[in-house]
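Please examine the sequence and the structure shown below before reading on. The briefing that comes after them is arranged by topic.

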Amino acid sequence: MTKTSFKRGVVAGLTTGMMMGGAALAQDCTTKIGAVLPTSVDWGKPIAATAQYAVDLANEAGGVAGCKVEMVLRDSQVDPKVGVDAAKALVDLDGVQMLLGAVSSGVSMPILTSVTVPAGVMQMSCCSSSTAFTGLSQEGKTKGLFYRTFATSGVQAAVGAMVARDQGYKSVAILYKNDDWGQDIGKLVAKDLEALGISVTGSVAINDAQPSYRAEVTEALKGNPEALYMAIYPKEGTSVVREWLSLGGTQNMIVANALKSDEFRDNVGLQYLGNTIGTDTASPRSESASAFVSQYTAKFGSEPNGPGLSNSYDATMIGLLAMEAAGTGATGTEIAAKVSAVTDPNGTPITADAAGFSKAKEVLAGGGTVFYQGATGNVRFDDNGDVSAPAVMWSFTETGTEETQYISLEEVDAFMASVK
Amino acid sequence: MIGLLSYLVFFATVAAILSIAVLGLNLQWGNTGLFNGGVVAFFGAGGYGTLILGGTPQADHLGGFALPYLIALSGGMAIAGLLAWGVGILTLRLRHDYLAIATFGVAVAFENLMRNAEGLAGGAKGLRGFERPLRQALGDGFTYNLLFLIFVLGLLIATYIFLERLIRSPYGRLLRAIREDETAAMSLGKNPARIRLAAFIAGSVIMGLAGGLYATFYAFISPQDVLPILTFQIWAMLIVGGAGNNKGAVMGTFLIWGAWTASGWGLSRFAPLEVQLYTGSLQFILIGVVIVGMLLWRPQGLFEEKLVVSQSGRAKHLKQQGVRE
């Protein structure tokens, strides 16, 4: 008798426990998203940290589609094999329906062709710039699953040429990173400069991780240019600029956003960068952008100055908003289809922070659409998942960088049309 | 469950492809003693060759001949072989570390050529536009990956059997003779230069096959696929598995690639969040420790080379011993 009641008690207790466990599970459910980013590279870590930060903000606002979001981060090591394997593991083992990544186009592309498109998973890249993605999409091979928040290189190249025109430079030498992004932007800026009647005295590729760039710099110095255009990364940029200045090169420099870095400024020395003008796709004139900068500064202790940080933030936010819009258990295809509903120019504008995310949840729950006002602007994707963007010119300051001129999307488009 | 199976198929495919390349290196280093420091050049030549011959036409560069898959793959192997022939004639007179440095240079030159020659291979953007064979019929999903794995495994087994027979034949004995003492081999009327070249080309063609399969599997190849890190990874696989032993070469590949991917997965799952940002660096340290440990405590690799002096000769020898005893 006692035994039986004891048993009964245990069974009852277990059942209650299981039921409570079940209820608790429903509340604390977790949706996984994947991220394949080059965390073993110096500039890759902050990109991943920014993505994680966006996920934290979404969780602060109560998560996505009723669940907490967990970002499973994998290192791509900038090695296509490793990146593709990591993506495959995220899709197959963790069951993610939305994948952030990668940074290099050479890693993003095989992930797209051999993992995400076959599996029907949405892929959102913060930083891949290759024109090959546009081509692939036009051939219909991305199935609408690929988006990127990195504006095509055309915008920055055009603004770089605009700087040269405004400053009255007559001749410019170009140094570009020898990868798909650099080759692309180097070619575009040369074309734009020539269209403006500015002569290009030389265009030299900069390979990664060389101990010295004396040969390249000497080559660029031939023809005695009035200004130097650089589309390279901070580490190489530091060595290149040091050699350039020591060999008597001009301090008139125009740099792409990849050099918008405190590391570069500190290592070269601010006193040499007075005549340097940078270009970037713009922070928009909205509260959400300044909110992003101040939030980021509060969180990480410095302004978001590294390459790809705002892009990474927007990529993550838009991906999460689309997941919210698509609802519980949505597939990658369904999530990708909802991207237009969260970047709808006719929708309710929302800010890029936890409060904005909460507001977006309300609007989306009511069947409305929202217009995400992000850290890189009012992001709008075209049919190929590409973004265009307004642009800014900036210069280095004691604390970071400061914007010197804002060029609206209309002005960018008009200028680009004029140099075509 | 399906997810796990699907991932394992994917993993096995990549590991099997890399195994083929490691087998090619084993023929060169393990059996013939040729220190090829530029594995990635021949791997890449096969990959690029296959995609150029078998891809769909692209606007801005050579290629897109859209040849049938098996012809494209053989073409890729032939291109790797041709490259090996040219490189071999120039460099095979060099010994050991000198050969390693020369071939390493060839690999770096190959990567730079692919990165810069946009008209040839698409430059840094890489080569795309390859239609995976039979995709129309089989779709993109699990079935396709499974059948491709079977195809790759078939080629791996064929390569394995070919190499096992080769090293057990008198020709294999000759390769080892050259590896151990070239002068002695010459004194027996053999021509080491020619044999070394033949072994170098054969090994490189096998690497080319691996490259072709790799590029087909991803339907894409770019200069990022042919960085020196791949040469080091393939060498690490051979060293851990055991140079001179084909079984070791295959096991080493599965182990190292398994450790590489599993450590990444494990760190992303179990390491605390703050550490996660450093998983990449931690992974490099882990793999480095495994290789150093291996070299310190078991330099012959997991599977030692089995020395088969000569099958018939050994049998006779044993018989004579038996008689004497």
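The model is predicted. Chain A contains 16 helices and 14 strands. Its radius of gyration is 24 Å, close to the 22 Å that the globule rule gives for 420 residues, so chain A is as compact as a globular protein of that length.

**Chain A as a whole**

- Taken along the principal axes, the box filled by the C-alpha atoms of chain A is roughly 100 × 45 × 45 Å.
- Of the 420 residues in chain A, 56% are buried.
- When contacts in chain A between residues at least 6 apart in sequence are considered, 72% of them join residues at least 24 apart.

**Two helices of chain A**

- Helix α3 (residues 80-92) and helix α4 (residues 105-119) of chain A have axes that come within 9 Å and cross at roughly 30 degrees.
- Angles under 35 degrees count as roughly parallel, and therefore α3(A) is roughly parallel to α4(A).
- The crossing in which α3(A) passes α4(A) is right-handed.
- On the α3(A) side, the contact is made by A:P80, A:G83, A:V84, A:A87, A:K88 and A:V91.
- On the α4(A) side, the residues in the contact include A:G106, A:V107, A:P110 and A:I111, and also A:S114, A:V115, A:T116 and A:A119.
- Sorted by class, this contact of α3(A) with α4(A) has 9 nonpolar, 4 polar and 1 charged residues.

**Contact between chain A and chain B**

- In this model, 35 residues of chain B are in contact with 38 residues of chain A.
- Five helices of chain B, namely α1 (2-31), α4, α10 (192-218), α12 (246-270) and α14 (279-297), each supply at least two residues of the side that touches chain A.
- The largest share of that side, 7 residues, comes from α1(B).
- By class, the residues of the side of chain B that touches chain A are 14 nonpolar, 16 polar and 5 charged.

**A buried residue of chain B**

- B:F110 lies in helix α4 (residues 96-116) of chain B.
- There are 22 other C-beta atoms within 10 Å of B:F110, and this residue is therefore buried.
- Leaving aside residues up to four places away in sequence, B:F110 touches B:A41, B:G44 and B:V226.
- B:F110 and B:L227 are 117 residues apart in sequence, while in space they are 9.6 Å apart, C-alpha to C-alpha.

**Backbone details in loops of chain A**

- The peptide bond that joins A:G101 and A:A102 is cis, with omega about -10 degrees.
- A:A102 is found in the loop between β3 (98-101) and α4 of chain A.
- A:A65 is not a glycine, although its phi is positive, at about 50 degrees.
- The loop that holds A:A65 runs between α2 (44-60) and β2 (68-75) of chain A.
- A:A65 has 18 C-beta neighbours inside 10 Å and so counts as partly exposed.
- A:N224 also is not a glycine, and has a positive phi of about 45 degrees.
- A:N224 is placed in the loop between α8 (214-221) and β8 (227-231) of chain A.
- With 11 other C-beta atoms within 10 Å, A:N224 is exposed.

How values were computed:
Residues are numbered from 1 along each chain as its sequence is written. Chains are lettered from A and ligands numbered from 1 in the order in which they are written. This is a predicted model: local features need pLDDT of at least 70, side-chain atom pairs count only at pLDDT 80 or more; totals for chains, interfaces and linings use all residues. Axes are lines fitted to C-alpha atoms, for helices over the stretch in contact, and angles run from 0 to 180 degrees between N-to-C directions. Helices (H or I, at least four residues) and strands (E, at least two) are DSSP runs, numbered from the N terminus. Angles under 35 degrees count as roughly parallel, over 145 as roughly antiparallel, 65 to 115 as roughly perpendicular and the rest as oblique. A crossing is left-handed if the near helix is turned anticlockwise from the far one by less than a right angle, and right-handed if clockwise. Two residues are in contact if their C-beta atoms, placed from the backbone, lie within 7 Å. Ala, Val, Leu, Ile, Met, Phe, Trp, Tyr, Cys and Pro count as nonpolar, Asp, Glu, Lys and Arg as charged, and the others, Gly among them, as polar. The radius of gyration is taken over C-alpha atoms; the globule rule is 2.2 Å times the number of residues to the power 0.38. A residue is buried if 20 or more other C-beta atoms lie within 10 Å of its own, exposed if 12 or fewer, and partly exposed in between; C-beta atoms are placed from the backbone.
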